[in-house]
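Take a first look at the assembly shown here. The tour below goes chain by chain, then to the contacts between chains.

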Amino acid sequence: MTARRMLGRVVLYALAVALLIYILGPFLWLLSASFQTDIALFQQPPEWFPDPFLTDNYRYVFTGKVPGEQGIGAVAAFTQEAQRIPRSLANSLIVALAVLAVNLLLATVAAYTFARERFRGREVAFFFILGSRLLPPVAVAIPIYQILRQTALLDTKLGVILVHSSFTLPFSIWVLTLYFRGMPREIEEASLVDGASRLRALFSIAIPLAAPGLAAIAAFSFLFSYNEFLFALLLTQSPGSKTIPVAIAAIAQNPDASYSLIAVGVILAIIAPLILASVFRGYIARGLVTSLER
Amino acid sequence: MRNHDRLSAIGYRLSARRSTAYSWLLILPPLALTAFFSIYPFIVAVDASTHRILLTRPKKQPYIGLDNFREVLRVAEFRDAAVNTAVFAAMTVPAVTLLGLGVALLLNQRLPGFGLLRWIVLLPWAIPLVGAGTMWRLLLHGNTGALNGLLLELGIIDEYITWLSRPTLAMVAVTMAHLWREFPLAAILFLAGRQAIASELYDVARIDGAGAFALFRDITLPLLRPTLLIVLVYETVVSMSVFDLLYVLTGGGPGSATTVLAWYTYATTFKFYNLGQGAALSLLMAAAILVVIVLYTYILPAKEERR
Amino acid sequence: MARQDVTRFVGSGLGGALTRRDVLRGGAALGLGATAFRGRRAAAQDPIQLDFMSWSYSVETIQDNIAKFQALNPGITVNYTDFPWFDYPDVMAARFLGDNAPDVAYNSDHWLTQWADADWVVPLDDNCPNLMAYAADFAPYAIQGMTYDGKLYGLPYYADLVVFFHNAAMAEQAGFSTAPQTWDEVRDQAQAMKEKGIVEYPVNIPLAKADPWTIEFFYSMVYSEGGHFFDESNEPVFNQAGGPAEKVLQWLHDAINTWKIMNPAALEVVEPDVVKSLVAGQSASTVLAKYNLAAVNTTDGAHKGKFKLALMPGSTHETTGFVRFYTLTRHAVDRGAEALDAACKFLDYNGGKTDGVYVVQKRWAIEKGLGFAVLPLYDDPEVAASIASWGDVALEREQATKARIKEGLTAWWGTWDVFAREQIHNAVSGSTAPAEALKAMADKWTELRGYYGG
């Protein structure tokens, strides 16, 4: 290897390290802060490694046991809100999984229909569904709030599931339609001639072949729903339906919550999407690519 | 094969009518959801925008025609919000695009350990925006921010920078948080686009003696144009709609320094309780985004059409 | 009835879907009340459920008070939820609008007029008349803050003053043995402290945009110069050229940007941050609610006990008095006599007397140093001793005689407040000149007034 090539390698690795620091730095600091006392966070500059290392904040979130004096403790820095974090996590997971299921079911069937069937009004229906995504969320936020109020779905997980589904389905349908269209028809045609119905062809043949695409939209719709904030903010208020982004935003805004407690909240909130994104990263990337190429 | 084709064709025609109804049935659920949660609300928003609706005085909702629009467009705050939105977009879109492109080219290297990098790069994009925003708020706080602490320790600054208390810096702060969170998507898109370019093109050019920069300028860049268009459009729309970050990072402040259109619309309805004006603003925003998308599609025509 | 009309929102123009109004009417006919339709527990043979909401200050104390109340009233269970102080008005508005309001909630004079005007909260005169007798004990600014349209809308949680206090030891070190009497003297003392290296940014006043306190601090500083915000007909007078409001904004701007004697992060910090900063010796003087003096003087640290109350600097030494109180909601009334009675009892326990003593208010005073609305508590030796341990009873009472509530409390003041804070920021950060900011505030007032027909 030439010296020049070595230099090039060194530069690339240096850049890679810089990138790593840029991406992971905030996460690591958050982790560190969640184990620190409030007063420790108050110094300029702060301690990078928690000293003392306390799991008090985590314990408070899960058990409600208020930590003892942490130094400057005159102002009670704990809010019940932090204890609602586990429940909000559960709400978010339920809602996101439901949205994922809705997408897998409805989007697959609809996409297959768009891809394989010829019927009157197909193009119109397709663009109708896609076009709905052009509206910015803020434009429809208030009317949707009204609709859910009038149908008594306000402040329920079901209401949020429906709204999130309506936002994720267009993209899922689009990606899957392109996916199905790109698949050769021969195998399905063969089974059709053998007497199978369209739906049967879909389930036994098309879906296994399109599994990567399905994995991609499953991941996308889960992430979208889990991370969604504006509608969750407007549509959920009580502990039984509040999703985790709403809970995090509330506690981050709460002057009565210590910064270390806030850090704990964020850490707990991001575990699920981090895991999902890591497991599905290949599919996510490929899903994006599919929608690009076609 | 042709027999199969003909059989399929016959099959199609025979069951055409039943097929149409059946097809519509299969696409009905998503269609209904879309209609219910996109089209109907849009109509409702249009209706609301022509009435005076105050959330604390719900009994009276007089029709006022286009007054909401006139009032909204006339005030200085709207102009400021529009300018802030434009400034923010002008700062973030190039930043995200350039960083995304740079990172993509870096990730494209087949070096040991870079697979790990390709995984990690996705992480900021996967977390909720309010989580990212809160992380950055902890980093940028004027008295206790960790980034301030780091810069202080490295000797780059003498005292903590009050990012969120100074109007210009607050905009920079939001840009920084937004960039950190958005660049992974751009990077992935560019990486995919780059990897779709046949390596033979590069090999041939290298044999002809082209250096790295020439390769980039003559092969990579032109063939990435379609990807570039997608990234630009998407990131522009995203930056015009930024809301979650603002909620936890600046609340539109200090003052109105980071009040962009999305925040202004939200505040008009939910802090100033003026639903009629909020609806009017939403429609104006929708129109603006549409205009932007159309402009992009005509100014940067993609060389490769959709197959 | 406002709540049923509230369902008649947008969509009415389109002939509306099945509205909850129809459903509510049916329910009301059956005597069920709207709560039944949310699957929420209705008042039956089980203990009566009360929903109580507050902001998140000292949650453990509130929970303990609730436990004690429940012990005294076994037939009532209180479901308690707390929300961030910053979001409080927005969250409560959303709940009132969304038909899942609580029965009793914290309220502040910031929002009483708005909520009462929207019929979200109801007066005690009509609903818990037995509680009206307490009003005789209330401080004047407390009564004013809880009254709308001549009726009393709640019992106090606490009433306090916005005060000026400083680290007297640091002032001594800088060569000053008396508290500053004017804002110029505040500047001089701060500059001296800075030059002598005692503290980098002596003045620390929290002015966060989302913080309902911010407007109160601004009012206090303007009042301290004898300024006014609105006249008797609620016309803005704060925007007179060269008036106190303009001077205050200019002073704040200069303190941060020119003289550099004030925490540059003032626009993003909140009250707890300032308290921590004072305790840690990183700040020396502030404008805050009086109970914070208790906090800084009773927390262990190098500066414990060194903070002294002073009259608000300025030509007239006036300041803002405010009240935060328990309010009864329309929802509680709609639930029926039993729920209403339970709610009245809850109000009585928290804001009134038990066995002849204002138990809860006394507790807040002794444990947290919160000011109290009921003047007789000054006669209680325990309370007096407690205050003396961190504050100055005589000075406090003197300041109280110079305290006024916020002027202009109308149905649209709460909304105007949100806008005003933005403008305060713009002026203090230098984005706009103070005169411009005040003009914008006045224009907004006029605009909002037009909408509300005030």
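**Two domains in chain C**

Chain C falls into domain 1 (44-160 + 323-387) and domain 2 (161-321 + 396-452). These bounds come from an automatic or database domain assignment. The C-alpha centres of domain 1 of chain C and domain 2 of chain C are 28 Å apart. Across the boundary, 21 residues of domain 1 of chain C are in contact with 23 residues of domain 2 of chain C. Contact means that the C-beta atoms of two residues, placed from the backbone, lie within 7 Å. On the side of domain 1 of chain C that touches domain 2 of chain C, helix H5 (112-117), helix H7 (140-146) and strand E7 (154-167) of chain C each give at least two residues. That side holds nine nonpolar, eight polar and four charged residues. Here Ala, Val, Leu, Ile, Met, Phe, Trp, Tyr, Cys and Pro count as nonpolar, Asp, Glu, Lys and Arg as charged, and the others, Gly among them, as polar. Helices (H or I, at least four residues) and strands (E, at least two) are DSSP runs, numbered from the N terminus.

A word on the model and its numbering. This is a predicted model, where local features need pLDDT of at least 70 and side-chain atom pairs count only at pLDDT 80 or more, while totals for chains, interfaces and linings use all residues. Residues are numbered from 1 along each chain as its sequence is written, and chains are lettered from A and ligands numbered from 1 in the order in which they are written.

Now find strand E3 (residues 104-108) of chain C. Is it mostly covered or mostly open? Five of its five residues are buried. Buried means 20 or more other C-beta atoms within 10 Å of a residue's own, exposed means 12 or fewer, and partly exposed lies in between, with C-beta atoms placed from the backbone. Val104(C), Tyr106(C) and Ser108(C) are buried on one side of E3(C), and Ala105(C) and Asn107(C) on the other.

E3(C) also has strand partners. Strands pair if DSSP finds at least two bridges between them. Strand E1 (residues 48-55) of chain C runs parallel to E3(C), joined by two bridges. With strand E10 (residues 319-329) of chain C, E3(C) pairs in the antiparallel sense over five bridges. Ala105(C) takes part in both pairings: its bridge partners are Met53(C) and, in E10(C), Thr327(C).

**Chain C meets chain B**

This contact takes 33 residues from chain C and 29 residues from chain B. Which element gives the largest share of the side of chain C that touches chain B? It is H19(C), with six residues. By class, that side has 18 nonpolar, eight polar and seven charged residues.

Chain B has its own division: domain 1 (17-43) and domain 2 (67-299). Their C-alpha centres lie 34 Å apart. In helix H12 (residues 225-240) of chain B sits Tyr234(B). Tyr234(B) is partly exposed because it has 18 other C-beta atoms within 10 Å. Ala186(B) is 48 residues away from Tyr234(B) in sequence, yet 9.3 Å away in space, C-alpha to C-alpha.

**Chain A and its contact with chain B**

Chain A has 14 helices and zero strands. Of its 294 residues, 54% count as buried. The contact between chains A and B takes 79 residues from chain A and 81 residues from chain B. Helix H1 (residues 3-34) of chain A gives the most to the chain A side, with 11 residues. That side has 64 nonpolar, nine polar and six charged residues.
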